[in-house]
Amino acid sequence: MATAFKMVEPLEYYRRFLKENCRPDGRELGEFRATTVNIGSITTADGSALVKLGNTTVVCGVKAELAAPAVDSANKGYIVPNVELPSLCSTKFRSGPPGEEAQAASQFIADVIENSQIIAKEDLCIANGKLAWVLYCDIICLDYDGNILDASAFALLAALKNVQLPSVTINEETGLSEVNLKQKNPLVIRKHPVATSFAIFDDTLLIVDPTAEEEDLASGTVTVVTDEEGRLCSVHKPGGSPLTGDKLQDCITRAITRHKEVKKLIDKVIKSIKPK
């Protein structure tokens with residue numbers, strides 16, 4: 001009976017749960033799905049991480065290459081993020097060029113990198129005007145069940161923290177770069193941005209970490225990005241129902257708590273794989 005009701009009136013079915021302050025999957029409104037992170041699993045990448053948020057599974061691989069800096073920013077390197085939502089991860093996506101959602105996710109990640117100053121691009125410069133690192137950050141969704149932005153931002157941060165770059169010098173006499181693969185250094189991570197997404201129901205109710213089904217039924221979504229100082233890095237709200245100042249403040253408060261949970265997870269994983 002419940003299944004039939006859910007098929008005919010999915011939103012009404014949901015509202016019955018929300019009235020009782022819970023969700024069909026048993027979570028409370030402010031509760032995240034089980035979150036796990038593994039780092040360093042892609043041996044061919046310079047840094048990598050796999051993040052699971054409930055069933056949503058995302059992998060991020062970082063590949064570093066050497067290039068000449070841009071003329072107008074001679075002392076900066078580059079960070080090039082790309083989010084892929086292949087047709088394999090959900091029936092929602094088609095094969096072919098990146099769709100709207102993948103493009104929006106890539107732009108969101110680019111904004112997070114820019115606004116949070118996760119890495120200072122100056123730190124990626126090896127020789128002013130001559131040589132700099134380019135970090136290609138490929139984020140691929142393996143299994144899609146909503147909240148791609150939180151999972152992608154988390155995977156990016158964990159992968160960047162896993163990166164080890166060889167030391168590079170420029171030979172004075174030949175002017176050529178010399179790469180020392182035996183001596184590797186981690187990236188300087190200046191800020192730890194964490195995304196927290198909410199779905200808005202009936203313009204007033206906020207639920208955290210929405211599944212794909214919840215996103216489809218919601219009247220809007222909002223993603224709040226904060227750093228370890230509780231500073232707001234960005235608010236991403238693609239249309240949908242408006243949010244009052246109070247509601248947004250609620251989101252920021254929840255995001256600051258979530259930041260602590262995510263940071264703890266990353267620190268624990270990094271500690272566990274550090275050579276003793």
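Okay, let's start at Asn 147, which sits in the loop between strand E6 (131–143) and helix H4. Helices here are DSSP runs of H or I with at least four residues, strands are runs of E with at least two, and both are numbered from the N terminus. Before I go on: this is a predicted model, where local features need pLDDT of at least 70 and side-chain atom pairs count only at pLDDT 80 or more, while totals for chains, interfaces and linings use all residues. Residues are numbered from 1 along each chain as its sequence is written, and side-chain values use heavy atoms, with hydrogens and water left out.

So what's the phi of Asn 147? It's near 50°, a positive value in a residue other than glycine. Most residues other than glycine have a negative phi. Asn 147 also counts as buried, because its relative accessibility is 2%. Buried means under 20% relative accessible area, exposed means over 50%, and partly exposed is in between, using a 1.4 Å probe and protein chains only.

Asp 209 is another one to look at: its phi is positive, about 50°, and it is not a glycine. You'll find Asp 209 in the loop between strand E10 (205–208) and helix H5 (212–217). Asp 209 is buried too, with a relative accessible area of 0%.

Back to H4, residues 148–162. Its 15 residues reach 21 Å from first C-alpha to last, close to the 21 Å expected at 1.5 Å a residue; that expected span is 1.5 Å times one less than the number of residues. Is H4 mostly covered or mostly exposed? Mostly covered: 14 of its 15 residues are buried.

Now the largest nonpolar core, with 66 residues, where Leu 135, Leu 160 and Leu 187 touch the most other members. A nonpolar core is a set of buried Ala, Val, Leu, Ile, Met, Phe, Trp, Tyr and Cys residues joined through side-chain atoms within 4.5 Å. H4 gives this core its largest share, eleven residues. Leaving out residues up to four places away in sequence, Leu 187 touches Ile 119, Leu 124, Leu 135, Leu 160, Val 163 and Leu 165, where contact means heavy atoms within 4.5 Å. There's also a second, separate core of nine residues, including Tyr 14 and Leu 18.
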